[in-house]
Amino acid sequence: MSDLGELRIVVCHRGWVFVGYVSRKEGPCGPEVVISRAKNIRDWGTTEGLGQLTQGPKSGTVLDSVPGGTCCLHPLQIIWSGPVAEKGWDEYLADK
């Protein structure tokens, strides 16, 4: 685990899927989930679902930058999250 939190894929309401370092903090409006060095996973590029991305993106995976590299979410926006291998993802994430 990094100083930034645990590297995870996070599935949110309305079809948003992010990958990045996830931590929790108390924000000005209450609890927040912060995803640092975040990327939006626009197209999974898999044939068998998100589980295929645990070791890193596939050749068909499409990643989009997140402005400022950080997402702040209310915990209730998150539907599911799961850990991924840092070794497979680190080079693809924003602002090392």
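Colleague: Which residue forms a salt bridge with Arg42?
Modeller: In this predicted model, the closest N and O atoms of the pair are 2.7 Å apart. A salt bridge needs a side-chain nitrogen of Lys or Arg within 4 Å of a carboxyl oxygen of Asp or Glu. The partner of Arg42 is Asp64.

Colleague: How many residues apart in sequence are the parts that Arg42 and Asp64 tie together?
Modeller: Arg42 and Asp64 form a salt bridge. Arg42 lies in strand E3 and Asp64 in strand E4 (residues 62-65), so the pair ties together parts whose separation in sequence is 22 residues.

Colleague: Is Arg42 buried or exposed?
Modeller: The relative accessible area of Arg42 is 56%. Exposed means over 50%. Arg42 is therefore exposed.

Colleague: What does Asp64 count as, at 21% relative accessibility?
Modeller: Buried means under 20% and exposed over 50%, with partly exposed in between. Because Asp64 has 21% relative accessibility, the class is partly exposed.

Colleague: How many salt bridges does a search of the whole structure find?
Modeller: One of them joins Arg8 and Glu6 through their side chains, at 3.0 Å from N to O. Another joins Glu32 and Lys25, with the closest N and O atoms 3.9 Å apart, a value within the 4 Å cut-off. Including these, the search of the whole structure gives a count of 4.

Colleague: Is Arg8 buried or exposed?
Modeller: Glu6, with which Arg8 meets in a salt bridge, is partly exposed at 32% relative accessible area. Arg8 has 16% relative accessibility, and buried means under 20%. Arg8 therefore counts as buried.

Colleague: Which side chain is in polar contact with the side chain of Lys39?
Modeller: Lys39 is found in strand E3, which covers residues 30-43. Lys39 counts as buried because its relative accessibility is 13%. At 3.3 Å, the polar contact of the Lys39 side chain is with the side chain of Ser65.

How values were computed:
Residues numbered from 1 in each chain as written. Predicted model: local features only at pLDDT ≥ 70, side-chain atom pairs only at ≥ 80, totals over all residues. Heavy atoms only, no water. Helix = DSSP H or I, 4+ residues; strand = E, 2+ residues; numbered from the N terminus. Buried < 20%, exposed > 50% of the residue type's maximum accessible area, 1.4 Å probe, protein only. Polar contact = N/O pair within 3.5 Å; in protein donor to acceptor, adjacent residues only side chain to side chain.
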